[in-house]
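I opened my notebook to learn my way around a new structure. Here is what I looked up.

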Amino acid sequence: MTLDRLLTNMTLDRLNSIKPSTSKLLLHACCAPCSLVPLQAIINSGAKNQCSVLFYNPNIHPIEEYDLRLSVLRKHLADLNINLIVGSYDAEMWEEEVGVFGGPYPHLNNDVLAANNIELRKKRCSACYRLRFKILAKMALENGYDCISTTLSISPYQYTKQILHELNCAANQQGILADAIDYSRYYADSVRVSRELGMYRQNYCGCRYSVAEAELERAERKEIRKQTCKETRKEICKETRKQAKEQGIKLQNMQEQEKAKAINGAKASK
Ligand code: SF4
């Protein structure tokens with residue numbers, strides 16, 4: 001089934017409201033599922049031949065995961081006949097510029113630690129966007145592109161404001177344009193289409209810290225579900241006991257009425 005057929009008419013209409021740059025564009029892609037909507041919007045706008053995709057993601061850990069995400073994107077771009085540029089896997093540079101911020105505090109259900117985790121992650125992710133867009137803008141300028149953009153903004157799990165801010169800063173530094181589009185409202189479309197295409201979807205952002213963070217979040221969600229089930233079970237038991245009690249009283253009343261009727265009947269027949 002083709003991608004066009006998978007994106008319903010409604011989605012296509014919705015995508016038509018996105019106006020991607022028609023300049024010579026270098027689009028940073030983090031993975032194939034996140035690229036579906038931005039690429040479709042570029043195709044719809046007729047700017048496909050002006051666009052190349054850069055896969056520069058030294059954040060992805062381990063290397064096997066990096067290779068897998070790259071291979072899925074490579075296949076998708078080949079299907080769309082869009083040029084792919086692969087950046088280097090600068091894992092050491094990522095550790096020096098981003099990894100130094102560190103990872104999550106290893107405890108659950110503690111407000112202070114949870115708040116610390118969020119602050120830490122915000123700083124680390126901003127540095128991660130900065131590094132990737134710095135190289136994106138540099139490569140764009142060196143290779144004759146006028147404009148840069150990114151697929152990262154489609155994910156509601158990312159810091160959209162920070163992404164758009166860092167993208168604009170990187171473009172300004174190189175004196176080129178930034179197509180800073182917030183794609184997040186199309187996230188559900190990208191999930192649906194990627195599932196229908198049977199495309200590999202990762203369950204963590206990319207870096208080794210995000211593996212641990214995703215596990216913590218899953219454990220927290222599991223705990224919440226468990227608590228909710230416990231509460232619901234308690235409510236059901238309470239309700240059942242109440243109903244049983246009411247039924248018991250009803251039954252007792254009925255038995256007493258029957259008994260009274262029998263006594264009255266016996267009295268009348270004497
Ligand atoms: S969570 Fe994602 S964006 Fe944040 S530092 Fe890790 S790989 Fe980069």
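I began with α7, which lies across β4 and β5 and runs at about 160 degrees to β4. Helices (H or I, at least four residues) and strands (E, at least two) are DSSP runs numbered from the N terminus. Axes are lines fitted to C-alpha atoms, for helices over the stretch in contact, with angles from 0 to 180 degrees between N-to-C directions. I kept in mind that this is a predicted model: local features need pLDDT of at least 70, side-chain atom pairs count only at pLDDT 80 or more, and totals for chains, interfaces and linings use all residues. Residues are numbered from 1 along each chain as its sequence is written.

Next, the sheet. I found five strands in an open, parallel sheet, ordered β3-β2-β1-β4-β5; strands pair if DSSP finds at least two bridges between them. β3 (83-86) and β5 (177-178) are at the edges with a single partner strand each, so one side of each has no neighbour in the sheet. β4 (residues 147-150) pairs with β5 over two bridges, in the parallel sense. Cys147 stands opposite Leu177 in β5.

Then I returned to the helices. α7 (residues 160-174) packs with α6 at an angle of about 35 degrees, their axes 8 Å apart. Residues making this contact (C-beta atoms, placed from the backbone, within 7 Å) include Cys125 and Phe133 of α6 and Ile163 and Leu167 of α7.

Last, the ligand. Which element gives the largest share of the shell around the ligand? I noted α6, with three residues. Among the residues around the ligand are Arg124, Cys125 and Cys128.

Terms used
A residue is near a molecule or strand if its C-beta atom, placed from the backbone, lies within 6 Å of it. Two residues are in contact if their C-beta atoms, placed from the backbone, lie within 7 Å.
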